[in-house]
Protein chains: 2
Amino acid sequence: MTPANTARAQKTRKRTRIQNANEAKILDAGLEVFSTFGLRGATVDQIAAIAGMTKPNLLYYFRRKDDIYLAVLQRILDTWLQPLEAMRADGDPAAEIAAYIDRKLEMSRDNPKASRLFAIEIMQGAPVLAGVLTGRLKQLVDAKAAVIRRWIAAGKLAPVDPYHLIFMIWATTQHYADFEVQIRAMLGDRFDRPDHFETAKRTLEQVFLAGLKAR
Amino acid sequence: MTPANTARAQKTRKRTRIQNANEAKILDAGLEVFSTFGLRGATVDQIAAIAGMTKPNLLYYFRRKDDIYLAVLQRILDTWLQPLEAMRADGDPAAEIAAYIDRKLEMSRDNPKASRLFAIEIMQGAPVLAGVLTGRLKQLVDAKAAVIRRWIAAGKLAPVDPYHLIFMIWATTQHYADFEVQIRAMLGDRFDRPDHFETAKRTLEQVFLAGLKAR
DNA sequence: AGATTTCCTGACCAATTGGTCAAGAGAAAG
DNA sequence: CTTTCTCTTGACCAATTGGTCAGGAAATCT
């Protein structure tokens, strides 16, 4: 993302401090609102209110609602892909998978809004991210699926379909962010106890690692 | 749901054929739209268009948008809870869990819109279903968690946290409905092959059953 | 058949929404 | 200190949205 693509499309002038501060506020507010209501359900007024500025002022930095949405998605895209990218072919399979689960779970805990934003975007048919899904993400998943397949061929992992295994890990880890309200309702008091996250981690690792152990 | 709570709150008059037909059309259209855009993102005009009637005509049957949303949710609530309810304490643990996975997976395949509607409702903070979550659903989950705990105590299942196990099953099975666009993008051509569903089922059962085998 | 009730529609309305604009206030550069 | 640029705002606008209403068209009942 070049610096020149926001704020009145100024011709690569120096970015001011105010600009940086306000754009950051807007992106934070945008994440907050879009991750709850999606692109269509969110209103510019609401984002402006949360960002603590008037609507025309917000629109001075991002001319259309879609621009905010896009910028929010772009800002968190790398973070989103990072855990899978970090899975190394030359590591120990069980350890790598455990580490991947941990990282994704931590992302769910530390950045649940980002997780929900991607979830809503994809559930709405990925109007903006469609290209990323079939492009960058697919390439990444294909590469990691190949890694898993090699681990299986080397007898270090039970033979499972690598794509569906990746889906399982995505699903189980993101679930804690996307369905937080439900988890909270099910766990009651236990949800706020600090060990709740550790219990989730232990359960996931246990089932996945035992389930994937080569026989 | 009593018959008298729609269509102009008529005093328990007989429901006409037209009424049944049109309300069904509206609920179908409502599911279609709400499952994609959520309560706020959906518009009455759009629902009316998909239902094949004018907006005032639709509003003759459901006076407000929220009424449609509520009715759609209520109509599919039982279906949604059914798979978990069907898990029997006196069956073989492995077989019961496998059957639960199968049923949920089939629901994802046969009724993905219902799955996405619940997902969006919960991600938006469950404004309508909050009561169901903390009431009926929690009771059901508590009961089934107790069943799983007894299976573990009897040495028939590896010791895992039953709540997180249920979350895992929910997450992995619903994932195929909620993130269908992403799955499709990752699997490419393979997605439309008829065995795709069987591969998913086999992978899930394999990981869960091996992961839960008592040691 | 006529009477009654249900169903449907075009016209309408107020509120909200995304977005514009002219002009003033504030920073910053000279 | 003045000029230039950035930032902010109130007023405004057209389109969309949720919802109403009076009256006509169809069913249904007797």
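1. The model is predicted; local features need pLDDT of at least 70 and side-chain atom pairs pLDDT 80 or more, while totals for chains, interfaces and linings use all residues. Residues are numbered from 1 along each chain as its sequence is written, chains are lettered from A in the order in which they are written, and side-chain values use heavy atoms, without hydrogens and water.

2. Around DNA strand D there are 23 residues, and A:T16, A:N22, A:Y61, B:K55 and B:K65 come nearest (near: a heavy atom within 4 Å). This surface has eight nonpolar, seven polar and eight charged residues (nonpolar: Ala, Val, Leu, Ile, Met, Phe, Trp, Tyr, Cys and Pro; charged: Asp, Glu, Lys and Arg; polar: the others, including Gly).

3. Helices α1 (17–41) and α3 (55–61) of chain A, and α2 (44–51) and α3 (55–61) of chain B, each supply at least two residues (helices: DSSP runs of H or I, at least four residues). The most come from α3(A), with four residues.

4. Of the atoms of DNA strand D within 4 Å of the protein, 66% belong to sugar or phosphate and the rest to bases.

5. In chain A, the axes of α8 (residues 162–178) and α9 (residues 180–187) come within 5 Å and cross at roughly 85 degrees (axes: lines fitted to C-alpha atoms over the stretch in contact; angles: 0 to 180 degrees between N-to-C directions). Therefore α8(A) is roughly perpendicular to α9(A) (65 to 115 degrees). A:H175, A:Y176, A:A177 and A:D178 of α8(A) meet A:E180, A:Q182 and A:I183 of α9(A) in the contact (heavy atoms within 4.5 Å).

Key:
Parallel < 35°, antiparallel > 145°, perpendicular 65-115°, else oblique.
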